[in-house]
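Here is a guided look at a protein model, written for someone new to reading structures. Keep the 3D view open and find each residue as it comes up.

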Amino acid sequence: MDDRTYTADAEPGETVTVAGWVHEIRDLGGIAFLILRDQSGKIQVKFEKDEMDDDLVETGLGVHRESVVAVTGDVEEEPRAPTGVEITPDSLDVVAEADPELPLDPSGKVDADLSTRLDNRTLDLRKDEVKAIFEIRAEVLRSVREAFRNLDATEINTPKIVATGTEGGTELFPITYFGREAFMNQSPQLFKQLMVGSGLERVFEIGPIFRAEEHNTPRHLNEATSIDFESAFYDHTEAMDACETVVTAAYEGVAENCAEQLETLDLADEFEAPDGEFPRLTYEEAIERINATGELDEQLVWGDDLPTEGEHALGQDVGEHYFITDWPSEIKPFYIKDHDDDEQLSTGFDMMHPTMELVSGGQREHRYDHLVEGFEQQGLDPEQFDYYTKMFKYGMPPHAGWGLGGERLVMTMLGLGNIREAVLFPRDRQRLSP
Ligand code: ATP
Ligand code: MG
């Protein structure tokens, strides 16, 4: 439609054609209003029944809610209208009629449960507060891309169909690839590492990861969006600096460019970008602080993974984004480098929001012999990873990086109760469609 005007741009004194969805019809007797909604907002269309063509009134007021209509008419100032203007229609076309029975109410007057909403995502996304989440998600991705570019990183795309997995077999989805077994990739880890030895040196990728997580939780998906970073000649502390920069940039982008969406979500007052420096706690300090909260039934000892309740207790205690560093080597993946002066200690780190883990990263093992040994100790056949390990024989610089869960970033930023709220079409144990 060349001549279409967004409702937000309709100015008094103009004759315009607006097109969108019938949000509501309010019939007050002699006068009635059709509220038309489009991507930019809503506008009131006025029907004065006695002064208008009967057919026009009948069509305009007889149309079912959520139908698509196009209205041409004069725009006038009207202080009592929701946006201060209204249209008196000359003509109204029903472009696409909606069934009178809607599976959910896009005006939001009737609540729908999450499952019904996800089954009918198109209708669900007609709600301002749902649309706002995805506009903010888009801004998060735009801001992190910009932050990566400012860090001189090149955006890459790596295969999602792979012959072998990295992080142990249980989380892999097998597929059939021309009669052979293959898998959906659970992380771009190995590919992004291969790039630090290429001419690119510093790379990032925003793409899907696939994890056959058995459990259905509010913070796990089976298909998630991973924001990955890897750089040559970085150690783990420099990787953490980059992580702070990128996460802070996401918050700043949203604060700067999504004021309206934050308002819609009722977050305008409380929304605050982090100051760009997250406290760095060692694993040892973390377990001491968790133990001191007294929230756990059993005290944690060195070598324990942090239970979810422990993470929560610590998160409450710290009260902002923070890192946990210097993990015991045995609970971090084998491709992460140990400290040179203490091989019980890993350079691996996690970056935490007070409520959950957002990032895992570390400096990587770049020495060929150590790496191959790591594969063997992990019970993985180094032969199968030859495509990866052999490149470590041809000049692989020291390097570090991390992976950030895109949906968890949006979820924690907006205080969403369920990660599925931050994905258009989530994949979980029960949900494979739409
Ligand atoms: P968790 O222990 O919380 O299950 P993880 O340690 O297994 O996460 P990593 O392999 O470290 O996850 O992946 C890096 C980041 O990717 C995580 O910190 C998280 O933000 C995100 N992520 C990983 N798995 C999932 C998932 N199943 N759903 C959503 N995000 C995920
Ligand atoms: Mg992790």
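## A buried alanine

Ala286 has a relative accessible area of 0%, so this residue counts as buried. Look for Ala286 in helix H8, which covers residues 283–293. Now find Leu314: Ala286 and Leu314 are 28 residues apart along the chain, and their C-alpha atoms are separated by 7.2 Å.

## The whole chain

This is a predicted model, so please read every value below as computed from that prediction. The protein chain has 434 residues, and 51% of them count as buried. Its secondary structure comes to 12 helices and 18 strands. If you follow the C-alpha trace along its principal axes, the chain spans about 90 × 55 × 40 Å.

The C-alpha atoms of Glu357 and Leu404 are separated by 9.0 Å, while the two residues are 47 residues apart along the chain. Thr355 sits in the loop between strand S16 (349–353) and S17. With a relative accessible area of 36%, Thr355 is partly exposed. From Thr355 to His399 the C-alpha distance is 29 Å, and the separation in sequence is 44 residues.

## The second largest pocket

Empty space can be found by rolling a probe the size of a water molecule over the atoms. In this model, the second largest pocket holds about 520 Å³ of space. Its lining is made up of 19 residues, and those nearest the pocket centre are Ser329, Ile336, Asp338, Glu343 and Gln377.

Which elements each supply at least two residues of this lining? They are strand S14 (338–339), strand S15 (342–346) and helix H10 (368–377). H10 gives the largest share, with 4 residues. Sorted by class, the lining of the second largest pocket has 8 charged, 8 polar and 3 nonpolar residues.

## Rings that meet

Across the whole structure, a search finds 17 aromatic pairs. One to look at is Phe148 with Phe204: their ring centres are 4.4 Å apart and their planes lie at 15°, so this pair is stacked. Phe148 is in helix H4 (residues 128–150) and Phe204 in strand S10 (residues 202–210), so the pair ties together parts that are 56 residues apart in sequence. Are these two residues buried or exposed? Both Phe148 and Phe204 are buried.

There is also an aromatic cluster to find, formed by Phe334, Tyr335, Phe375, Phe385, Tyr388 and Phe392. A charge can sit over a ring as well: Lys332 lies over the face of Trp327, at 4.7 Å from the ring centre.

Most residues other than glycine have a negative phi, and most peptide bonds are trans.

Asp152 is not a glycine, yet its phi is positive, near 70°. Asp152 lies in the loop between H4 and strand S6 (154–155). At 60% relative accessibility, Asp152 is exposed. Glu201 is another residue other than glycine with a positive phi, here about 65°. You can find Glu201 in the loop between helix H5 (189–196) and S10. Its relative accessible area is 38%, so Glu201 is partly exposed.

What kind of peptide bond joins Ser433 and Pro434? The bond is cis, with omega about 0°. Pro434 is found in the segment after helix H12 (406–414).

Notes:
Residues numbered from 1 in each chain as written. Chains lettered and ligands numbered in written order. Predicted model: local features only at pLDDT ≥ 70, side-chain atom pairs only at ≥ 80, totals over all residues. Heavy atoms only, no water. 1 Å grid on protein atoms, 1.4 Å probe; cavity = no way out; pocket = protein on both sides within 12 Å on 5 of 7 lines; lining within 4 Å. Points joined across faces, edges and corners; volume = space filled by probe spheres on them. Nonpolar A, V, L, I, M, F, W, Y, C, P; charged D, E, K, R; others polar. Phe/Tyr/Trp six-rings, centres within 6.5 Å; stacked < 30°, edge-to-face > 60°. Buried < 20%, exposed > 50% of the residue type's maximum accessible area, 1.4 Å probe, protein only. Lys NZ or Arg CZ within 6 Å of the ring centre and 35° of its normal.
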